[in-house]
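Subject: Structure handover

Hello,

Here is the structure I promised to pass on. Please open it next to this email and follow along.

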Amino acid sequence: MTRPFVKMNGAGNDFVVVNALDRPFTPTTEQVRALGDRDTGEGFDQLIAIEPSETGDAFMRVWNSDGSAVETCGNALRCVGWMLMQASGADTVTIDTLGGPAVASKPNDGLGEFRITVDMGAPRLDWRQIPLSEEMDTRGIELQIGPIDAPVLHTPGAVSMGNPHVVFFMDHTPDDAFVRGSGSLIEHHPLFPEAVNVGFAHVEARDRIRFRVWERGAGLTRACGTGACAALVATARRGLTDRKATVVMDGGEVVIDWDEATDHVFMTGPVEVERTGGLPF
Ligand SMILES: N[C@@H](CCC[C@H](N)C(=O)O)C(=O)O
């Protein structure tokens, strides 16, 4: 029996999304890896399963393309939110994840039906919540790459949006080789016991960030929703941006609003349906 899937993307970050509401979906690590391979499989940054939830409208399970199961995915929350709202006709849905609940809704920005806002909840900023392996001020942690007196990268902010992120403050937008080389080096640094997503934020204006990311377990991707939230939170904490900014990534833009009254981070951005298909398991 095959399992239908929908291939979707959020700002270019792409997903195979399967419906596991009625039939459990428990792929092995090898199956996820094989499926994620862009040459021989379906190809994706993350594999997503929509499962039943007792507390929300659905539970969203996430695997990276290297087969690792992870807490959450911001861009996939928009895609899954859009699917659930299409199916039920509701204007808002609550999606549980291992990283905490998120609420998806339709924005009134006049930019069409393929846009979704997600309330990602409050950022987690204590060093234990990232988590880091030692106590540090997460506005700028003691991490440096390169010579001591002339570091290539240093003092990134650390933020958890349900999953761990470090954000380096850049004076330019780094190229692919730099993101790959330094991202892969930092992803498994001993300071991050659960590894980390590595972001590079170039603040172009107080309301505009050019952002590139090396994702834990997926490498260089065209966008990362939780990474975009982390970039806004990290730059706002350093006084480099306001609490609302457009985050421009390789595959598209999202607007991030860190609401002062609730402390919640709201992400608004596009979703796209690419195609449908079937998996053999
Ligand atoms: N693409 C995602 C993040 C997916 C998980 C991440 N690679 C991790 O390991 O935490 C997003 O849009 O947030």
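Is Cys224 buried or exposed? Cys224 is buried, because 36 other C-beta atoms lie within 10 Å. The cut-offs are these: a residue is buried if 20 or more other C-beta atoms lie within 10 Å of its own, exposed if 12 or fewer, and partly exposed in between, with C-beta atoms placed from the backbone.

Two notes before the rest. This is a predicted model, in which local features need pLDDT of at least 70, side-chain atom pairs count only at pLDDT 80 or more, and totals for chains, interfaces and linings use all residues. Residues are numbered from 1 along each chain as its sequence is written.

UniProt lists Cys73 and Cys224 under "active site", in an unreviewed entry. They are spread over 152 residues of sequence, yet they cluster in space, with a largest C-alpha distance of 7.7 Å. UniProt positions are in the numbering used here, feature names are shortened, and annotations may be inferred rather than shown by experiment.

Cys73 sits in the loop between β5 (69–70) and α2. Cys224 sits in the loop between β15 (219–221) and α4. Helices (H or I, at least four residues) and strands (E, at least two) are DSSP runs, numbered from the N terminus.

Cys73 counts as buried because it has 32 C-beta neighbours inside 10 Å. Not counting residues up to four places away in sequence, Cys73 touches Gln46, Val62, Gly225 and Thr226. With neighbours within four places in sequence left aside, Cys224 is in contact with Asn13, Gly74, Asn75, Asn197, Val213 and Glu215. Contact means that the C-beta atoms of two residues, placed from the backbone, lie within 7 Å.

**The ligand**

Now look at the ligand. It is surrounded by 18 residues, and the closest are Gly74, Asn75, Asn163, Gly225 and Thr226. A residue is near a molecule or strand if its C-beta atom, placed from the backbone, lies within 6 Å of it.

Two elements give two or more residues to this shell: α2 (74–88) and α4 (225–237). The largest share, three residues, comes from α4. By class, the shell has four nonpolar, 11 polar and three charged residues. Here Ala, Val, Leu, Ile, Met, Phe, Trp, Tyr, Cys and Pro count as nonpolar, Asp, Glu, Lys and Arg as charged, and the others, Gly among them, as polar.

UniProt's unreviewed entry also has a "binding site" feature, and its positions include Asn13, Asn163, Glu215 and Thr226. Take two of these.

- Glu215 is found in strand β14 (residues 208–215). Glu215 is buried, because 28 other C-beta atoms lie within 10 Å. Beyond four places in sequence, Glu215 is in contact with Asp45, Asn197, Thr221 and Cys224.
- Thr226 has its place in helix α4. Thr226 is buried, because 31 other C-beta atoms lie within 10 Å. Beyond four places in sequence, its contacts include Cys73, Gly74 and Asn163.

**The two domains**

The protein chain is divided into domain 1 (3–121 + 270–279) and domain 2 (144–263). Those bounds come from an automatic or database domain assignment. The C-alpha centres of the two domains lie 22 Å apart. The contact takes 23 residues from domain 1 and 21 residues from domain 2. On the side of domain 1 that touches domain 2, α2 gives the most, with four residues. By class, that side has six nonpolar, 13 polar and four charged residues. The shell around the ligand draws at least three residues from each domain.

**Strand β7**

Which residues of β7 (residues 102–105) form the covered face, and which the uncovered one? Ala102 and Ala104 are on the covered face, while Val103 and Ser105 are on the uncovered one. In a regular strand the side chains alternate between the two faces of the sheet.

Strand β6 (residues 92–96) is joined to β7 by four bridges, and the two run antiparallel. Thr94 has Val103 as its bridge partner in β7. Three bridges join β7 to strand β8 (residues 115–119), again antiparallel. There, Ala104 has Val118 as its bridge partner. Two strands pair if DSSP finds at least two bridges between them.

Best wishes
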